[in-house]
Amino acid sequence: MKLENLLQQHFNYPSFRKGQREVISSILEGNHTIAMLPTGTGKSLCYQLPAYMLTGHVVIVSPLLSLMQDQAEQLMMNGEKRVIAFNSFLTLEEKQQALSQLYKYKFIFLSPEMLHANYVIQRLTELQIALFVIDEAHCISQWGYDFRPDYHKLGAVREKLGNPLTLALTATATPEVKEDIIQSLSLDNWKEFIYSVDRPNISLSVEAVDSFPEKTERLIELVNKLEGPGIIYFSSKKMSEQMASLLRERGVQDIAAYHGGMEQESRILIQQQFIQGQLNIICATSAFGMGINKENIRYIIHFHMPLQLESYLQEIGRAGRDGQKSVAILLYSPGDEQLPYQLAEGELPSDDQLTWLYHWITENPHALKYMSANELEIKRIAGLSDIQWRIIDNFLHSVTEDQLEESFNLIKNFSKDRLQVKRQKIKEIYRWIQLTECRRKNILNYFKEDNKIKIEDCCDICGLDYTKYYVSRTREDVIEGERGFHWKEHLAEILLSERI
DNA sequence: CGTGTTCCACATAAGTGGAACACGGTGCGTTATT
């Protein structure tokens, strides 16, 4: 049967979107496949359709619970009942029930952390896995080294499952990210479908200001003028909230803050309201974005610079999915690059912290054996963040006393190397900000791409007219506005006459 | 590094200047460990 017929039969779509057919064919031919598809929409079809043609179960690794729930729901809406999102939303009983009947599910969604648990792996090995899918696979590269180390253990998991046919899906497949994916999953043979990271309909701009207050004023001005919807990115939760309040005070409507420190409920609500158009502007940290399929975002402003160009591309890439003209503006004031440096350093244990911990362990009998039990105390005294602790804990797992010194040297070297990489990435985005030549050409070169075509409204260096992105008062708006004005006058007259 | 908060000296008292200090993002899992 032709793929188009199957597409019609199972999903009631008349035709494939760009790239889908090639990716699906590659999987059906039995190739491990890396797919970078241009937009967020339509990626899930790449595993959903093959699922119906392959014998066995499809395991999907997803980074966010909300993404898992969305995709599971989407499948169920399409009439597929053999779906489970195996995560912490389930009660203990539900989990046990699900595990004992795992063979009933065609689609099994899991986080990398859940997939790492032995009791889960064991059940999965009893099944025939037709396809092992890593959704948002760039997380392997961006989070796997420190923030979510289980992403780097997916290769081991994959091996335990008998190296099943694998599909990695992402929208950020830069050469470096791709290399991390291949390494981490230990793919030895694969096909890849990579499209350009360039988004010609998004104009790029960097504005340098002299100080923080000036940057704030410029932000207020831009938000008042630019046609929404828009996202403003901050590197601080507090700042995202404060600026949302300030903008509201300055007459900006339909605006809200969004960050990882907020209640899950409000996060979902704000995200929904933004997608449905009840909110026009979001002041967000990097927590906001993945899984946001909104077509008409018109601008992305960076109040703080991201920690790497890869993140920058992901964040601005949320604009203009409808193909309409959009703009990305990064506001820079001197010294801004210090915040990313601070964030990067907080992610890895310092030499001092490691030295202290080494002595603490050697001076306390059985300390090594009961490290996890003393987690809180150790973290407090050594001043270790959760992430720093996890890195150390990861290295010292199943280490004996006589291997201690060697292990600490490994941690020190690892931390040194990673910090070096992170600093290098900050230097690269800083360099890009200071640039005096075409920003698009430069960013594409960084990602080993050539841009052949000259684009209109390319970037601030090539020449860019902001007024194109300002709120346009269409004829209807003007008429509506005038009508409103007359109503107000009319109302005033009535009120006045009544008083008299 | 820059911003926000706290606290202290000052000294008609109340509020201010400014020194000192803290803080800064992304998420899964809580089923296993004396």
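Colleague: Which hand does the crossing of α11 and α12 have?
Modeller: Bear in mind that this is a predicted model. The axes of α11 (residues 212-225) and α12 (residues 237-249) come within 11 Å and cross at roughly 55°, so α11 is oblique to α12. The hand of that crossing is right-handed.

Colleague: And how many nonpolar, polar and charged residues are in the contact of α11 with α12?
Modeller: On the α11 side, you have Phe212, Thr216, Leu219, Ile220 and Val223. Met239, Met243, Leu246 and Leu247 come from α12. By class, that's eight nonpolar, one polar and no charged residues.

Colleague: Now α16 and α19: roughly parallel or roughly antiparallel?
Modeller: Helix α16 (residues 351-363) packs on helix α19 (residues 404-433) with the axes 10 Å apart, at an angle of about 165°. Angles over 145 degrees count as roughly antiparallel. So α16 against α19 is roughly antiparallel.

Colleague: Last one: which residue's side chain has a polar contact with the side chain of Arg148?
Modeller: Arg148 sits in the loop between α8 (138-143) and α9 (154-160), and is buried because its relative accessible area is 13%, with the cut-off at under 20%. Beyond its sequence neighbours within four places, Arg148 contacts Pro63, Ser111, Pro112, Glu113 and Trp143. The polar contact, at 2.8 Å, is with Glu113.

Key:
Residues numbered from 1 in each chain as written. Chains lettered and ligands numbered in written order. Predicted model: local features only at pLDDT ≥ 70, side-chain atom pairs only at ≥ 80, totals over all residues. Heavy atoms only, no water. Helix = DSSP H or I, 4+ residues; strand = E, 2+ residues; numbered from the N terminus. Buried < 20%, exposed > 50% of the residue type's maximum accessible area, 1.4 Å probe, protein only. Polar contact = N/O pair within 3.5 Å; in protein donor to acceptor, adjacent residues only side chain to side chain. Contact = heavy atoms within 4.5 Å. Axes fitted to C-alpha atoms, helices over the stretch in contact; angles between N-to-C directions. Parallel < 35°, antiparallel > 145°, perpendicular 65-115°, else oblique. Left-handed = near helix turned anticlockwise from the far one by under 90°. Nonpolar A, V, L, I, M, F, W, Y, C, P; charged D, E, K, R; others polar.
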